[in-house]
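Keep the viewer open as you go.

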Amino acid sequence: METNGYTQDGTVDFHGRPLLASKTGKWKACAFLVGYEAFERMAFYGIAANLVNYLTTQLHEDTVSSVRNVNSWSGSVWITPILGAYIADTYLGRFWTFTVSSLIYVMGMVMLTTAVSLKSLKPTCTNGVCNKASTLQIAFFYTSLYTIAIGAGGTKPNISTFGADQFDDFNPDEKELKVSFFNWWMFSSFLGALCATLGLVYVQENLGWGLGYAIPTVGLLFSLFVFYLGTPIYRHKVRKTKSPARDLIQVPITAFKNRKLELPNNPSELHELEPGHYIDSGKRQVHYTPIFRFLDKAALKDGNSSGKPPCTVTQVEGTKLVLGMLLIWLVTLIPSTIWAQINTLFVKQGTTLDRSLGSSFEIPAASLGSFVTLSMLLSVPMYDRYFVPFMRRKTGNSRGITLLQRLGIGFVIQVIAIAIAYAVEVRRMHVIRVHQIVGPKEVVPMNIFWLLPQYVLLGIADVFNAIGLLEFFYDQSPEDMQSLGTTFFTSGIGVGNFLNSFLVTMVDKITGRGENKSWIGDNLNDSHLDYYYGFLLVISTLNLGAFLWASSKYVYKRETKEVNEGCIEMESKALEISPLGLQV
């Protein structure tokens with residue numbers, strides 16, 4: 001690869017030409033990207049943070065249905081990136097997949113703004129009695145929501161990875177900058193979320209839902225204009241494999257065909273191409289790891305009777321990486337379920353409390369979510385500027401702590417947060433009994449700021465686990481599957497929302513049988529939300545134990561990279577076990 005002023009990772013410009021490192025990429029390119037992320041998050045959270053209230057107060061859905069519908073939509077927003085990432089990695093590339101998807105996203109926002117603005121698309125009320133929403137009104141509203149979900153499928157996995165592509169892993173200075181990239185990328189995301197939960201929610205409830213959705217729509221259009229201004233200095237990664245996901249199918253099939261053959265004692269006897277091949281092609285060689293050994297049979301030199309060459313160790317290790325990430329992904333689903341409470345039950349819980357601030361101002365219940373974002377915004381700079389350098393001196397790790405240690409700390413904080421949420425709900429139920437409150441619209445004489453600690457702690461936890469997960473799945477993915485790899489992060493949140501929807505529905509059906517009161521009824525003043533939070537606390541604690549076990553089994557990616565005139569060096573991770581049981 002060229003080293004005389006050009007990027008060393010093979011990135012090219014919009015027209016496919018080599019790039020000068022000094023004039024492209026890095027933070028000056030990312031400056032054009034972060035605006036879109038901020039406005040997109042403002043649009044998403046402007047919808048998600050208050051959607052449960054819109055469904056119950058404007059479309060007149062019951063509590064369980066509204067929670068289920070919010071979770072289903074949010075889950076779709078986070079699941080569709082699997083398709084968007086596959087299209088980017090296999091066909092269009094990140095830039096063009098993002099371009100097409102962002103236009104679909106904007107179209108969905110325009111439709112949604114129209115749905116909440118035109119009287120003909122909303123149920124009518126006469127003398128305080130409101131009609132049910134018509135089939136047409138419901139269909140148009142949900143079509144708008146799911147159009148946004150489709151657009152998000154192409155933008156979410158590609159904009160962050162496209163930003164990470166602006167830093168050259170082969171350049172030590174740029175690689176150090178990249179360590180901070182995901183922290184500050186999420187900082188811009190949190191900033192957009194803050195504007196939504198603090199400003200847009202108030203606008204929606206006091207100045208009109210149409211204006212509350214029109215503002216992020218205009219902001220989204222402006223951010224896209226800014227994004228395309230940066231086109232001349234963007235770096236684009238060239239796909240080195242026609243179908244990156246093919247190995248995920250080929251390796252297990254070949255291993256199964258060779259299942260009766262014996263593995264050699266020395267891994268060096270497995271099939272692998274010469275280092276020169278990787279140097280010439282610009283690909284990275286992934287080195288052997290002693291996990292999922294049944295897959296090693298795909299690389300047996302004398303195992304394939306069809307005449308086709310066996311899989312290489314690099315191909316096998318790429319499949320192992322995905323299996324290892326899948327194991328970690330599974331133990332992130334319960335934390336994602338806890339996160340789903342912020343825009344659903346936490347909001348409904350807040351509507352029952354005293355929200356007055358002074359004599360005339362009432363805090364929108366969904367605005368308390370802004371404290372999640374505020375705690376994130378305060379914690380990210382402290383983490384990046386103080387915690388990381390301090391721990392770097394202690395551990396010698398460029399990140400301060402390992403990726404899995406970061407996740408573990410976040411999950412512990414999250415368990416503490418749900419424990420506090422349970423304790424606060426027990427307190428709320430006690431106040432209800434003391435004051436003999438039974439009506440669904442009666443205000444519980446307990447200030448809404450009792451909920452503040454659980455919001456703040458979930459925000460701090462997110463600095464560790466949300467950012468950590470995004471970086472983990474990007475860093476550990478096979479080279480040509482980094483968009484698809486980051487969908488482990490988005491799909492985990494999506495499945496967590498679906499899981500929360502399933503849990504809410506099942507708990508409501510099981511606990512509400514016969515004459516029994518449902519834990520999550522329409523009247524939260526006559527339900528047992530504290531039992532449901534206790535249930536979440538138990539499964540979160542069990543999941544933390546499962547995470548510690550899974551992380552102790554995980555082996556980090558080991559690659560060979562080309563440097564200086566075709567020489568190669570090993571990028572390796574120590575496999576020691578830390579006191580937390582997490583691999584260093």
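**Exercise 1.** Sort the lining of the largest cavity in this predicted model into nonpolar, polar and charged residues.

*Solution.* Step three is to find the centre: among the 30 lining residues, Tyr45, Trp339, Asp462, Ala466 and Ile493 lie closest to it.

**Exercise 2.** Work out which helices supply at least two residues each to the lining of the largest cavity, and which element gives the largest share.

*Solution.* Begin with the list: α1 (26-57), α5 (172-206), α10 (333-339), α12 (370-395), α13 (403-434), α14 (452-476) and α15 (482-511) each supply at least two. Then pick out α5, whose five residues make up the largest share.

**Exercise 3.** Describe the second largest cavity by its volume, its lining and the elements behind that lining.

*Solution.* First, the volume: this cavity holds about 90 Å³ of space. Next, the lining consists of Phe44, Tyr45, Val70, Asn71, Ser74, Trp78, Trp339, Ala340, Asn343, Thr344, Ile493 and Asn497. Two or more of these residues come from each of α1, α2 (63-79) and α15. The largest share is that of α2, with four residues. Finally, classify the lining: seven residues are nonpolar, five are polar and none is charged.

**Exercise 4.** How many cavities of 30 Å³ or more does the structure hold?

*Solution.* Apply the 30 Å³ cut-off and count what remains: there are seven such cavities.

How values were computed. Residues numbered from 1 in each chain as written. Predicted model: local features only at pLDDT ≥ 70, side-chain atom pairs only at ≥ 80, totals over all residues. Heavy atoms only, no water. 1 Å grid on protein atoms, 1.4 Å probe; cavity = no way out; pocket = protein on both sides within 12 Å on 5 of 7 lines; lining within 4 Å. Points joined across faces, edges and corners; volume = space filled by probe spheres on them. Nonpolar A, V, L, I, M, F, W, Y, C, P; charged D, E, K, R; others polar.
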